[in-house]
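Subject: Structure handover

Hello,

Here is the structure I promised to pass on. Please open it before reading my notes below.

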Amino acid sequence: MHPKAIDWIIMGAYFAFVLGIGAALKRSMRTSTDFFLSGRSMPAWIAGLAFISANLGAQEVIGMAASGAKYGMATSQFYWVGAIPAMVFLGVFMMPFYYGSRARSVPEYLKLRFDEKTRGLNAITFAVMTVFSSGISLYALALLLRLLLGWDFNTSVALSALIVLVYIFLGGLTSAIYNEVLQFFLIVFGFAPLVLIGLKDVGGWQGLVAGLHTVAQTRGYAPNAWLSTWGVMGSPRDNPMGIDWFSMAMGLGFVLSFGYWCTDFLVVQRALAADSMDSARRTPLIAAVPKMLFPFLVILPGMIAIAATVHGGASGLTLPRKADGQLNYNMVVPLMLGHYFPNGLLGLGLTALMASFMTGMAGNVTAFNTVSTYDIYQAYIRRDASDAHYLTVGRLATVVGIALSVAAAYVTNRFSNIMDLLQLLFAFVNAPLFATFLLGMFWKRASGHGAFAGLLAGTAAAAVHHGLTLPVGRTPGIKGGWIAVMHLYPSQMAQNFWTAIYAFTVCLLVTIAVSLATRPRPEQELVGLVYSLTPREHTSERRWYRRPALLGACVLAAAVVLNVMFW
Amino acid sequence: MGLDIRVPIGALFSLLGVLLAAYGLAGGHALANRSLGINIDLWWGLVLAVFGAAMLLLAWRARGRH
């Protein structure tokens, strides 16, 4: 890959705009609400594009392309099953409580609904988690820049951290959201030509289908294994993911996806920045529309690359192999950028990748500064200070968050197994969360002690399940089985899905049991926080496409159509 | 919020579009080898420029309304 002046000019123009947006927004940051929640003034379409973009970090883009090559069309289940239903549920059913309660963060909702200790547990684990995720983004960006442009690790980390720091410090969440919208369009315009040229290379859709039939057959699967979703999930043996339809639907489609999209403050924060209840409810629904189509942008390149590698394409695109002889799936995107894009377009593609790394990091930093200011500093350190004080604290928290991310990036670089361990711990903490929110929002009897006990029990259940099971062909340790190996799963994905299912179930049962044994909060305190005690949210919108429930139904129907089309 | 997001998006994409298209036009066939004989810089640059101009137009119309 040989960038020329034109590519550097394109990248430079993007960075100038990013910093310019931050500078232009500086004057509008007067209160802490401006800084942390964009003054609750975002139109639904901006909040919606930011909602989806905050999740579309570069690891996602590179990882989805890799999975597209490894597993084929079934990867789109992470979108059509693992995202859309949860996003619709968030918009139609949950947003009235998040936005309507005026909570400024997800942990704050837990404080209003349950009690201080439940909020504290959630706030602290979330803050630690965001810092590490942001550090991993930074680390991955530095690795990629070293690979593609030959940049030094230290320079890459310092430069990207500095740019993110400047624009968030100046423009707060608004800056982050505006850059996420910009990144959304960069990814779309930077990746669409990759798909178009790639498809032409393998002989169009027909050629791709023929190529993927060869891929499936050479690996001992039915010819349509790389092109089907549900159709090849009758048994884990029939598909390269090693997944059956039940664990796909329950583990990914229910527990993991609802746990992420409906409770993770990183995405929910974008909806809280919306300018009205209707806009907040429409935010995830608007986001669901491009989300549904993203598989064609981010998964298809992987499918093209594997078809070209195994079956052959016109231009001889071939995936490189790792030292152990396995195909290096993570190289799909960098390889295709370098192979198909002439100088000029190459600059655009690289800019899109860098933009998604930086917004991935910025999303974590804005969520971190909000939670650490409102839910940690204001809750436990200084309760009644002036708003200006919290604005200053928020800016300081931004600096601290970025400094910690840089530290995390270096830790990852030195000890990658520490990072694997941490991510495993976070998975345990996150797995049961949705049960707590579900009971909190829809069962008025659920109590604070119940929620807290349920969360701890759910996390413990996740850890124990992981400790007792192992994916086939792995040795006991970080992959599981560190207590004893009682059950073997056909794949690591199956193990992850079942860990989540157990954690959710245990959290649900323990929360119910402990709640029944403890005193509930008086009903008048729960108005606006629990479904049965809150007046229904009636939209004032007449136009059908602006009515949340109807829009949600249309989005779901479209997702069903996609599932059937690629059955 | 002080700044209509469509203005920077429109300006950036118009700029990138014009840069790409001009580069594609000047480079001609030498560039196209890589992308299967299509002068993708030229065509994609035009797509970007049209998108950028549309964003600027929307922002300009919204400003008229206030």
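What pLDDT does chain B average? The value is 82, and 80% of the residues score at least 70. (pLDDT is the predictor's confidence in each residue, from 0 to 100.)

First, the ground rules. This is a predicted model, in which local features need pLDDT of at least 70 and side-chain atom pairs count only at pLDDT 80 or more, while totals for chains, interfaces and linings use all residues. Residues are numbered from 1 along each chain as its sequence is written, and chains are lettered from A and ligands numbered from 1 in the order in which they are written.

**Confidence**
For the complex, the predictor gives an ipTM of 0.91 and a pTM of 0.88. Among the elements of chain B, α1(B) has the highest mean pLDDT, 89. Helix α2 (residues 29–32) of chain B has the lowest, 61.

**Chain A overall**
Chain A has 22 helices and two strands. (These are DSSP runs, numbered from the N terminus: helices are H or I with at least four residues, strands E with at least two.) The C-alpha trace spans about 70 × 55 × 55 Å along its principal axes. Of the 567 residues, 58% are buried. (Buried means that 20 or more other C-beta atoms, placed from the backbone, lie within 10 Å of the residue's own.)

**Domains of chain A**
The domain assignment, automatic or from a database, gives domain 1 (5–21 + 41–414 + 535–565) and domain 2 (429–534). Their C-alpha centres lie 25 Å apart. Domain 1 of chain A puts 28 residues into the contact and domain 2 of chain A puts in 24. (Two residues are in contact if their C-beta atoms, placed from the backbone, lie within 7 Å.) On the domain 1 side, α6 (84–100), α7 (106–113), α8 (116–149) and α11 (245–261) of chain A each give two or more residues. (Ala, Val, Leu, Ile, Met, Phe, Trp, Tyr, Cys and Pro count as nonpolar; Asp, Glu, Lys and Arg as charged; the others, Gly among them, as polar.)

**Where chain B meets chain A**
The contact takes 35 residues from chain A and 22 residues from chain B. On the chain B side, α1 (6–27) and α3 (40–65) each supply at least two residues. α1(B) gives the most, with 10 residues. The chain B side divides into 17 nonpolar, three polar and two charged residues.

Best wishes

Terms used:
Buried ≥ 20, exposed ≤ 12 C-beta atoms within 10 Å, placed from the backbone.
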